[in-house]
Amino acid sequence: MSVSQGAIKKQSESKLSVSKEKNPRGVLLTTALMAGYSMIYMDKNMISTAIIPIAEQFHLSTSQTGLIMSLFFLGYSLMQIPGGWLADKIGYKKVLMLSLSLISIFSFAFGLAGSLLMFILIRFLAGIGHAGYPPSCSKGIAENFPKKRRTFVQSLILSTSGIGGILAFVIGARLIDLNWHYAYYALGTMFAISLLLVTFLVPNSHPTAKTKTEKKQVSFKSVISNRNVIILSVAMLLANVAFYGNMSWLPTFLKTKFSLSISTVGVILAVNAIGGTLASIFAGVLLSKYFAGKEKLLLMCCSVVSSLLFLGLVFSNSLVLSIAFLYVLTFLLTTIFVGIFSWPHKILPEKVIGSSIGIVNTGGTLGGFIAPMAFGALISMAGGSFSIVFITLAIAVVICGLVILTVKSGK
């Protein structure tokens, strides 16, 4: 009985795929990336709580505190595309190590700052440090996992948004309650530990084996002008206006509207962060198994329901009901974020994943830049009312869903 060359090739490719999935190197890589990403999200979440005592100590307005939070995302936005390009060109591990080194330094520096100008400058520089991490993570996933596993692994790593939130709103909030300076010294130390994990656990970048059909070069120009990349970047901008607009002002909103302590707000948001972790993993399963090829339907439904929940936060005067709205909202917004962020793995070549994620996430960081500053100004103009913020977020998330419908799914 003879065996065809095609069958032999298929069998060998199958064995390679299985071995790649079970490779211990992939487990160590995922562990290290999750540790670093947890710190990334801890930093993003912690500033929204730390800004409360900072504003009180230095007599800052909501416009000024919004500027501190927004300038972080401006630095993030400016370096996202260069960070993704570097991950493709010099290797993801080098960029990961550089990013974590910079963030650790600027976390310590923020704890030492004592003026509005220094707060703004340090957060801007911290944003530059953050910029290389997401595209480098995606590049590492693309190089070390087969295509069918990448969406799930990406969602697993993004689930650290919840872990980072838990750390920010439990450990971070308690340290901030004690002394906000101590919180940033602790954060800088944890970033240094994450750097050590990446240094020793993450494998060096390696060229992926290419078949004859994959040898055709894909230029950076073709990626940055790709219709789907542009659409996903716009969708990510709108999604992050909703996500970071909500996240940046939630602690102040809950503390002001319901007269809660920072520690109590921290507990509420820590539980919310747990939901975000579960949402990210669940979204990965949904997008990989049940909505593969039907991403638009899932994300559009999430957008519409999210809009209704934002409006619910405006009109609800019940703490219990507001918390319930918040938890479901976080679940849905996380699903939207994971869906958009992981889409390039399905529609773009592995060799440009770093660049494409950098471009898509630039849209997201621009959303993060716009939201805190713009909404801080809106709150000031509205005399401290948060209603205008949540109505605007409701509109933004619906438009995000409509933009997603224009993605061309066919290869």
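Visitor: What makes the space of about 220 Å³ count as the largest cavity?

Guide: In this predicted model, the largest cavity holds about 220 Å³ of space. On a 1 Å grid over the protein atoms alone, a cavity is a set of points where a 1.4 Å probe fits but cannot get out. Grid points are joined across faces, edges and corners, and the volume is the space filled by probe spheres set on the points. The structure holds 4 cavities of 30 Å³ or more.

Visitor: Which residues line the largest cavity closest to its centre?

Guide: Of its 18 lining residues, the closest to the centre are Asn45, Phe243, Met247, Asn272 and Thr330. Lining residues have an atom within 4 Å of a point. Helix 11 (227-258) is one of the helices that each supply at least two lining residues, and helix 11 gives the largest share, 5 residues. Helices here are DSSP runs (H or I, at least four residues), numbered from the N terminus.

Visitor: And the ground rules behind these values?

Guide: Residues are numbered from 1 along each chain as its sequence is written. Because this is a predicted model, local features need pLDDT of at least 70 and side-chain atom pairs count only at pLDDT 80 or more, while totals for chains, interfaces and linings use all residues; side-chain values use heavy atoms, with hydrogens and water left out.

Visitor: Why is the contact of Asp43 with Arg123 called a salt bridge?

Guide: The rule asks for a side-chain nitrogen of Lys or Arg within 4 Å of a carboxyl oxygen of Asp or Glu. The closest N and O atoms of Asp43 and Arg123 are 2.9 Å apart, so the pair meets the rule. Asp43 lies in helix 2 and Arg123 in helix 5 (residues 116-131), so the bridge ties together parts 80 residues apart in sequence.

Visitor: How do you know that Asp88 and Lys139 form a salt bridge?

Guide: Their N to O distance is 3.1 Å, and the cut-off is 4 Å, so this pair qualifies too. Asp88 sits in helix 3 (residues 62-90) and Lys139 in helix 6 (residues 133-144), so parts 51 residues apart in sequence are tied together. The structure holds 2 salt bridges. Asp88 and Lys139 are buried, and Asp43 and Arg123 are buried as well.

Visitor: Why is Cys137 called buried?

Guide: Buried means under 20% relative accessible area, exposed over 50%, and partly exposed in between (1.4 Å probe, protein chains only). Cys137 has a relative accessible area of 0%, so the word is buried. Cys400 is also buried, with 0%.

Visitor: How many disulfides are there?

Guide: The count comes to 0 disulfides, a disulfide being a pair of cysteine sulfur atoms within 2.5 Å.

Visitor: What makes Ala292 partly exposed?

Guide: Its relative accessibility is 48%, so Ala292 falls in the partly exposed range. Ala292 is in the loop between helix 12 and helix 13. From Ala292 to Lys346, 54 residues apart in sequence, the C-alpha distance is 9.6 Å.

Visitor: What makes a nonpolar patch of Val304, Val305 and Leu308?

Guide: Such patches join nonpolar side chains (Val, Leu, Ile, Met, Phe, Trp, Tyr) within 5 Å, from residues with over 30% relative accessible area and no salt bridge. Val304 has 38%, so Val304 passes the area cut-off and counts as partly exposed. Val304 is found in helix 13 (residues 295-315), and the patch covers about 250 Å².

Technical notes
Patches are made of residues with over 30% relative accessible area and no salt bridge: like charges are joined within 9 Å, nonpolar side chains (Val, Leu, Ile, Met, Phe, Trp, Tyr) within 5 Å. Accessible areas come from the Shrake-Rupley method with a 1.4 Å probe; for residues, only the protein chains shown count as cover. On a 1 Å grid over the protein atoms alone, a cavity is a set of points where a 1.4 Å probe fits but cannot get out, and a pocket is an open set with protein on both sides within 12 Å along at least five of seven lines; lining residues have an atom within 4 Å of a point.
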